[in-house]
Amino acid sequence: MQSLSSKNLLGIKELHRKDLELIFETADSFKEVINRPIKKVPSLRDITIANVFFENSTRTRLSFELAEKRLSADVINFSSSSSSVKKGETLLDTVNNILAMKVDMVVIRHPSPGAPHFLAKHVNANIVNAGDGTHEHPTQALLDSYSIREKHGALEGIKVAIIGDILHSRVALSNIFALQKLGSQVMVCGPNTLLPKYIRELGVQVELDIRKALEWCDVANVLRIQLERQKIKYFPSIREYTLYYGINKKLLDSLNKEITIMHPGPINRGVELSSDVADSEHAIIMDQVENGVAIRMAVLYLLAGDPQA
Ligand code: CP
């Protein structure tokens, strides 16, 4: 069995192109499995996985849980809001107590950048980053790239514009790393105040004018304005953001070209995307969600090695 170059999935930055290609090939097989009447395989029987979430999540948590169950793993779910973290227990104590129950893998979402990397240094279990603060969201970037590959047949040479709140986005950083490793061209677009100062050092194109970004790209990956991470105002009002950076049907129709529209969710409908765009035939937002299960199955399967061997 082929394996990844690391026993953990902490970020896309640490992965090689061949790791990404192996994940995609494995996800192709699992996508076929989850479209069968019997959607379950015994690949991770006898493996126990803990989903440890210190932040809210709909898609990522459910998608990991479903991926684990489709692979026949035993699954436990931890949510910090209803846990002894509220009584002052540390992250490491919490995870060590979970591991003492004979857990093999930990999927962690945490508001602090680097929390999964810290755990990986201190525990023996496989660690999977399900989003660490504003740092990385590797499985989101994998499912995004996989969805572009599925829609356009390849990633090499495809022009992807990542639009919106780049400053607070772990999705943006992981997507930039993944797309560049896979040969796509990447542009970021948003108001200057929502673009990190270091962004040009990553080798991406930068565009402040949304029309120019849309005229350039094949794919627009539109990000949510993350008001919960904004302690100061980065633009005068939501209404003005929508006026200058919101994508609506009228704007897309005026381009005289077809663009694939993506969004990692959750969408602020009527802010970064109008409903007639989010629900249009050009949007692959639900394909992204569907592909997330196959991608996470592939990641968990490859990290676990071959427990059935
Ligand atoms: N895309 C994403 O991470 O969504 P959730 O926050 O709902 O998991």
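Trainee: By class, how many nonpolar, polar and charged residues does the shell around the ligand have?

Mentor: This is a predicted model, where local features need pLDDT of at least 70, side-chain atom pairs count only at pLDDT 80 or more, and totals for chains, interfaces and linings use all residues. Numbering runs from 1 along each chain as its sequence is written, and side-chain values use heavy atoms, with hydrogens and water left out. Now your shell: one nonpolar, six polar and two charged residues (Ala, Val, Leu, Ile, Met, Phe, Trp, Tyr, Cys and Pro count as nonpolar, Asp, Glu, Lys and Arg as charged, and the others, Gly among them, as polar). Its members are Ser57, Thr58, Arg59, Thr60, Arg109, His137, Gln140, Pro264 and Gly265, each with a heavy atom within 4 Å of the ligand.

Some of them make polar contacts (here, pairs of N or O atoms within 3.5 Å). A side-chain N or O atom of His137 is 2.9 Å from a ligand oxygen. Ligand nitrogen is involved too: one such atom lies 3.1 Å from a polar side-chain atom of Gln140, and Gly265 brings a polar backbone atom to 3.2 Å from a ligand nitrogen. Taken alone, the ligand exposes 250 Å², and the protein buries 91% of that (Shrake-Rupley areas, 1.4 Å probe).

As for the domains, an automatic or database assignment gives domain 1 (17-136 + 289-304) and domain 2 (138-287). The shell draws at least three residues from each of them.

Notes
Polar contact = N/O pair within 3.5 Å; in protein donor to acceptor, adjacent residues only side chain to side chain.
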